[in-house]
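Hi everyone, thanks for coming. Let me put today's structure up on the screen, and then we'll walk through it together.

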Amino acid sequence: MGRKANYDTKAKRGPGKKTKKQPTPIFPTDGAENEERQLSHRQKQRAKKRSLKQSKKDKVTAKKQKIDMDSAGEEALDSEDQGNDSDAEEQTYPTAGKKKMLLPAKKSKLKIFGDSDDDEEEESEQEAVDDYGVGSDSDDSDDEDIVKKSKKLEKKKKAEIEAGDAYMDEAAQKLEVDIPSLEEVVEELKGEVDMPSIHSRIKDTAFVLAEFSKRRDPNRSRSEYIQILLKDLCMYYSYNEFLMEKMSDMFSSGELLEFLEASELPRPVTIRTNTLKTRRKALAAALIARGVDVDVIGWSKVGLVVMRTSGNVTLGATTEYLAGHYIIQGASSFLPVMALAPKEGEKVLDMCAAPGGKTTHIAAIMRNSGMIVCNDLHRERVKALVGNLHRMGITNATITCKDGRTFPKMMPQFFDRVLLDAPCSGTGVISKDQSVKTRKDPKDIQRCAHLQRELLLAAIDSVHKYDGSSGYIVYSTCSVLVEENEDVIEYALKRRNVKLVPTGLDVGKPGFVNYREKRFHSSMNLCKRMYPHTLNVDGFFLAKLKKLGNVEQSSKDEEEEDGE
Amino acid sequence: MRPLKVHETNLVFEKLKHYIGSNVRALIERSDGLYCFRLNRGKVYYVKEDLMKLAATLPRESIVSLGVCFGKMTKSGKFLLLVTALEFLHMYCQNKIWLKESAEQNFMYGNHVYKAGLSRISENIPKHAGVIVYSSKDIPLGFGVTAKASVDCRHADPMDIVCFHQADIGEYIRNEEDLLS
């Protein structure tokens, strides 16, 4: 059947398909990506053509725009923005929008590790453009030409941007932001409230406050605007007025909005690998096999972010979890331990340890050597601590249930390092516990701050004098309020012979040195503050203290004062 | 906190021997320091000596746990191994059984191991010997006592119990409240 070719007579051509060998694979390394790509001759030619074409085009458009700007004048612009107010509003908002109005938590990645991605992309784009330049510089004269042209273009672009800015400002001035008076607002908030209208008023007020001198209604004071903003915010985000005032003291109006918005959204779930039992790579593979999408955290060697879990998997009940291969822990909880930097064989005290996320981290870093005393006041919470420590295979820890303030009496100057994750009002973790918004009053804050001061002094007293690499105290809270953070550190600096040292972390904002009427010690900028809206971690404060001696500072202070 | 009395020590070692055989010696004579057993409020702890000395300075009622809790002395005067000892039992154990992936969850909810869920079993395990139960990926899940010798397992009915459940890591969430009480 069918035709049959006569293959016998055909001579074989070439070595045949099977003998063809694949070259050894080349894996792109980090460095290789950045290396310049070799362009073929044709590619170079095309790039040259493209750049020339582009520059011509830009020239033409720039000219056109210039003519537009000159001739059309202001009238045209005015009529345009009067024509539809809403349009103008949208156009002008980008000034506020430029400052990352995009909510960090909406991105699936944590910002603290996601940020670099965008930069890289931009860089690579930049590089790609540069490549063409490199490709086309076969002629020196050509090159100079292009450089000149590009300089011209840059100038024009700058001028354009400036013109645009001026236009924006003008538009903003013309824009009527209609904000009712304070009395009206208060009245309105008493009755039935319309959330969308409040939201738009919040935006308007924040917009005016962003550039107050230009956008204000000259008959009204700044304090009135601020009062209106706070009233609206309290209603919209359901905070009590005390807490909202505290927050507004700390942030500018734009940042306050971002902070509040970020506090509403949940933070991404992060887990920490237990290096005593497994490695991060193995754990990630095991979890992915279970249908949990995880991604590594760039700045930590043990962290993983959970991107997505398939429906039937509970992250807190997998076999790996029960076998102690990981613990679910907020990304911000890694940082105090990283700052504490315990060494093998040291004696470490964790004063407020439950539920044991940080303690197990310390033990893992110390590889189960040395000694850890972990303490928590509450019996109920200690149970979780016991469970976690045994699950994670920690053998070098003693768990106690005592008031942390008794430690200097029990074990004076015994420890090398102390981690004090003080109980606090929880204003940094509002997304976890919404009740903070309404429940805290000045007394609560004061009570917290008082306890924190006593605990910090106790922590300092239970560390022995600095020698070599020991004698450190790390103080952390999940609150953003100054009363619970800088104030407490300042108190300890005055009372004890300690000094602030760098935390060794390069994320976060420095602590306040000047805050409203308060003037703190000049080294207070060594503390770290983390906010949900900037890094997409829980709001957080961190300070590392080094003990210099046992002499109480008070006598020394007096001497200094005498000297002055 | 006090050292174990002679009869208590016997009880503990007897039980440990059940699971790890002659490796009990290795548990005590370790190269990385001196380890000892201590009794605190009815619980038996396995703890490094220097940590024990530190804990001795603390008030007894404030100590919740030290080192690793191996088990507790029951009111009827026996020693009961707890799941918290699994880490060390699995390190030194001789008798092991591996479960099929489908049977892992079942065991971790506190059920016995059936023949149907058995994937592998080490050879020459006698009847009523202590075994460590592993998942298919070699993660220790708990421990139990064999209901059959490993030779008999081959011919057993799928619904026959192979290993009686004693403790499993599911207790960390099922039973966290009274893990040490």
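**Where the two chains meet**

Two strands count as paired here if DSSP finds at least two bridges between them. Within that pairing, Thr398(A) has Leu66(B) of S5(B) as its bridge partner.

A quick word on what you're seeing: this is a predicted model, where local features need pLDDT of at least 70 and side-chain atom pairs count only at pLDDT 80 or more, while totals for chains, interfaces and linings use all residues. Residues are numbered from 1 along each chain as its sequence is written, and chains are lettered from A and ligands numbered from 1 in the order in which they are written. Helices (H or I, at least four residues) and strands (E, at least two) are DSSP runs, numbered from the N terminus.

Okay, the whole interface. Chain B puts 30 residues in contact with 22 residues of chain A; contact means C-beta atoms, placed from the backbone, within 7 Å.

Now chain A itself. An automatic or database domain assignment divides chain A into domain 1 (270–328) and domain 2 (331–563). Their centres, taken over C-alpha atoms, are 27 Å apart. Domain 1 of chain A brings 12 residues to the contact and domain 2 of chain A brings 11.

Next, is Cys478(A) buried or exposed? Cys478(A) is buried, with 25 other C-beta atoms within 10 Å. The cut-offs are 20 or more for buried, 12 or fewer for exposed, and partly exposed in between, with C-beta atoms placed from the backbone. Cys478(A) sits in the loop between strand S9 (472–477) and helix H21 (486–495) of chain A. An unreviewed UniProt entry annotates Cys478(A) as "active site"; such annotations may be inferred rather than shown by experiment.

Last stop: helix H16 of chain A, residues 357–365. Eight of its nine residues are buried, so H16(A) is largely enclosed by the rest of the structure. Among the buried ones are His361(A) and Ile362(A).

Methods. Two residues are in contact if their C-beta atoms, placed from the backbone, lie within 7 Å.
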